[in-house]
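This briefing is for a reader meeting the structure for the first time. Please look over the sequence and the model shown here before going on.

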Amino acid sequence: MRILIIEDEKLLSDSIRTLLTAQGYEVEAAYDGEEGLMYAKMDIYDLLILDVMLPKLNGYEVARLLREARNTTPILMLTARSQLQDRVEGLDAGADYYLTKPFDRRELLACIHALLRRQGNQVAELSFGNTSLDLDTGMLLCGEKSVRLSAREFDMMRCLLQSGERNISKERLLTRVWGGGADVVDNNVDVYIGFLRKKLARIGSNVRIEAIRRLGYHLEVSEPC
C-alpha cells in the first residue's frame with residue numbers, strides 16, 4: 001500500500017512517515033499544496049494524508065481539485081482547526097475523514113486502516129482497454145486468457161494502469177517499483193516494460209505500452225484491424 005503525506009511541517013511529516021513505514025506502508029511526502037496535487041494526480045497512491053494549512057494551495061483546494069478531476073483516492077485531512085465549520089468545509093471539499101491535531105498515533109493508524117479497508121472493498125481490479133489487473137491475485141486478464149505477473153511486473157503494471165493515458169516518468173517508476181535506491185539503474189524499467197509487453201501480447205490484449213522520449217510511458221488501446 002502506498003501513502004502520500006502532504007504536510008508542510010517537516011518534523012510532523014517525518015514522524016508520520018516513520019510510523020507508517022514501520023507498519024509496512026510505502027510512503028512519500030510533499031511539502032506544499034502544488035507539489036502534493038501534482039503527485040496525487042498521478043493516481044498511484046492508495047491514501048492521501050492531507051494537511052489543511054499548506055503553502056501555495058491549501059488542503060481544501062487540493063482536495064477539491066482532485067475530486068473535480070475524478071480522483072477517488074481516499075483523503076485523510078489533518079488540521080489544527082477544530083471548529084465544526086472547518087470540518088464541514090473539509091468534508092465538502094472531498095475529504096473522507098477529518099482528524100484534528102494533536103492526535104494520538106493509535107487514532108491515526110485506526111483511521112488509515114479503516115480508509116484502506118474501505119478502498120480495498122471498492123477496488124479489486126484495474127482495467128484499461130480489454131485488459132484488467134486483479135489486485136488480489138496478481139493476474140493480468142484479457143477475456144478467458146490470463147497470465148501471472150511477478151511482484152515487480154505487478155507493481156509496474158499497476159502504476160501504468162493507474163496513470164492510463166497520462167505519462168508516468170521512468171524516474172517515477174523506478175521510485176515506485178524499486179524504491180529509487182543507489183543500486184537501481186534506468187535499464188530496470190526498460191527490461192520490465194519488455195516483459196509486460198510480451199505478457200500483454202500473450203493474452204491477446206489490445207493495450208500497448210507507449211514510450212515518449214523524456215516524458216516516460218503511457219497506455220494506449222490498439223484499434224482493430
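By the distance rule for sulfur pairs, the disulfide count comes to zero. The model is a predicted one.

**Cysteines**

- A disulfide is a covalent bond between the sulfur atoms of two cysteines.
- To be counted here, a pair of cysteine sulfur atoms must lie within 2.5 Å, and the count by this rule is zero.
- Cys111 has a relative accessible area of 9%, so this residue is buried, the limit being under 20%.
- Cys159 is also buried, with a relative accessible area of 0%.

**The parallel sheet**

- Five strands make up an open sheet, with parallel pairing, and their order is β2-β1-β3-β4-β5.
- The edges are held by β2 (26-30) and β5 (97-100); each has a single partner strand, so one side of each has no neighbour in the sheet.
- From one strand to the next, the twist averages 20°.
- Strands of a sheet pair through backbone hydrogen bonds, in either a parallel or an antiparallel way.
- Within this sheet, β3 (residues 47-51) and β4 (residues 75-79) run parallel and are joined by four bridges.
- Leu48 stands opposite Ile75 in β4.

**The helix across the sheet**

- Helix α1, residues 10-22, lies across β1 (2-6), β2, β3 and β4.
- The angle between α1 and β2 is about 170°.

**Backbone features in loops**

- Most peptide bonds are trans, and most residues other than glycine have a negative phi.
- The peptide bond from Lys101 to Pro102 is cis, with omega near -10°.
- Pro102 sits in the loop between β5 and α5 (105-122).
- Lys56 is not a glycine, yet its phi is positive, near 75°.
- The loop that holds Lys56 runs between β3 and α3 (59-68).
- With a relative accessible area of 59%, Lys56 is exposed, because the term applies over 50%.
- Arg214 likewise has a positive phi, about 70°, although it is not a glycine.
- Arg214 is found in the loop between β10 (207-212) and β11 (216-221).
- At 76% relative accessibility, Arg214 also counts as exposed.

Technical notes. Residues are numbered from 1 along each chain as its sequence is written. This is a predicted model: local features need pLDDT of at least 70, side-chain atom pairs count only at pLDDT 80 or more; totals for chains, interfaces and linings use all residues. Side-chain values use heavy atoms; hydrogens and water are left out. Two strands pair if DSSP finds at least two bridges between them. Helices (H or I, at least four residues) and strands (E, at least two) are DSSP runs, numbered from the N terminus. Axes are lines fitted to C-alpha atoms, for helices over the stretch in contact, and angles run from 0 to 180 degrees between N-to-C directions. Contact means heavy atoms within 4.5 Å. Buried means under 20% relative accessible area, exposed over 50%, partly exposed in between (1.4 Å probe, protein chains only).
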